[in-house]
Amino acid sequence: MKADFPALRQKMNGRSLAYLDTAASAQKPQAVIDAVTRAYTDHYANIHRGLYEFSQKTTADFEAARKRIARFMGVSNENEIVFTRNATESINLVAQSWGRTNLKAGDEILLTEMEHHANIVPWQLLRDQTGVVLKIAPIFDDGALDLESYKNLLGPRTRLVAVTHVSNALGIINPVKKIAAAAKNFNSGIKVLVDGSQAVVHMPVNVPETGCDFYAFTGHKLYGPTGVGVLWGRAELLNAMPPYQGGGDMIERVMFEKTTYKDAPARFEAGTPAIAEAIGLGAAVDYLDKAGMKSVAARENALLDYAMKELDKIDGLRFYGTAKAKAGIVSFTAGWGHPSDIGMILDQCGVAVRTGHHCCMPLMQRFGIDGTIRASFGLYTEESDIDALAEGLKKAKSMLS
Amino acid sequence: MKSRNLSELADAFALFDNWEDKYAYLIDLGERLPSMDESQKTEENIVRGCTSRVWLIAAQKDGKFHFSADSDAKIVRGLIYILLSAYQGRSAAEIAAVDIRKSFEQIGLHQHLSPNRRNGFFAMVDRIKRLAAAA
């Protein structure tokens, strides 16, 4: 696998690279890099408008990518796949389009304590605009969502549940099927949005089977290019939502009195989209289809066990997110050193990890810490990368204690 | 003890030929930094944008600035030591004229530690300049 990823052959600070920051952004396989290059080399043109061959071919490639991504998510109607810039934009789209249309003061949105800022701040903006109320479902000390408390927070004014599928800071996998079912059982009108950025990367996900209404993820964490993300929503729901941004390629007819809009996905894709990037993301899901998400998940689970065994040998580490349902993310602090110092020493050892709050300040506050050191795996991660981390931590410990 | 000036620091760092020793010396410098009074570690004195907590304050006497700063991370404390050796006891005009990038390169640490926003180096520089300009 590693051989497919050119950046992993590079040295960092003169050392072999142990890239353990895939949760922040994944490295790209050659197949994705080639697909982006081909998109600009072979027959590049703008999509959807030109009558000439190049435009039609690029349009076909772009729409084929949409179809492949739909299939990857278990979605049969590719018109339910909206291309956005990233998961953040996908969530903002739902907040501003669905939220502003359907919610009013006093309506409740239910989030969890482990959300990324991308699944908090868009709802706070909506709160400031409409007066909706945010309710927060708590987690247990082991990082797992407290499902009972979550269910108890469902109420007559609950309109939306917005929850992450896998916690980016802890690696905890949320039981989104149960979460969605509980919401729908309580009131079938409640909509459920799932932030899947960290989930689609680590395991097979059949999105419609989760029972949610919206599913968002970003492309660059899924081995694809930056600048392209996905929002999935059921067709009838998307087509009942007003556009999020106005511009070209999303209108049916423009008159000064009234403009009518195309159906989804076009109505949410105003302006020229990230054409080559979407095509690159199509190549990324092809690559993942070949690798098989089931075997990716199995490999990462084995690595997780290996990492816990190796890191357990180092004194003074405290782990966060120790519940059983976990994806390939390990988060910890050290009694003998500040995450910032440890991250800087690991950098010199050729080990790339993320240190800090991981855009989850409320979660860090929940644990009473400023941040953690996070090692996150991808399908190219090997035991040797974890060995390099363990070695680097030992070095950091001797330098900092 | 007396703080080292930039050229003394450059001489000291030149003695070490690997990153481990340079980092160890940086951590050692950080430990020599006078610690800041807990009462001054307020929200207001926090320098934002660092991966660790950094506090920085300035006092002015006879047109010269005296800075105190602290961090909960050891390597950042070492960076603070270096920063203060460039800015301590200078006038506002002198502070504005410091080429901190050049000073950092003079010390020879830049190959192993890039001064950046992430580790707070430039956030601290901005704060120092702002405090000096505002006085």
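The model is predicted, so local features need pLDDT of at least 70 and side-chain atom pairs pLDDT 80 or more, while totals for chains, interfaces and linings use all residues. Residues are numbered from 1 along each chain as written, chains are lettered from A and ligands numbered from 1 in the order written, and side-chain values use heavy atoms, without hydrogens or water.

I counted two salt bridges between chain A and chain B. I then noted which elements give two or more residues to the side of chain A that touches chain B: α10 (339–348), β16 (354–356) and α12 (383–400) of chain A. Helices (H or I, at least four residues) and strands (E, at least two) are DSSP runs, numbered from the N terminus. The largest share, five residues, comes from α10(A).

I recorded 14 residues of chain A in contact (heavy atoms within 4.5 Å) with 18 residues of chain B.

I next examined α2 (residues 19–32) and α3 (residues 74–87) of chain B, whose axes come within 7 Å and cross at roughly 75°. Axes are lines fitted to C-alpha atoms, for helices over the stretch in contact, with angles from 0 to 180 degrees between N-to-C directions.

Terms used. Salt bridge = Lys/Arg side-chain N within 4 Å of Asp/Glu carboxyl O.
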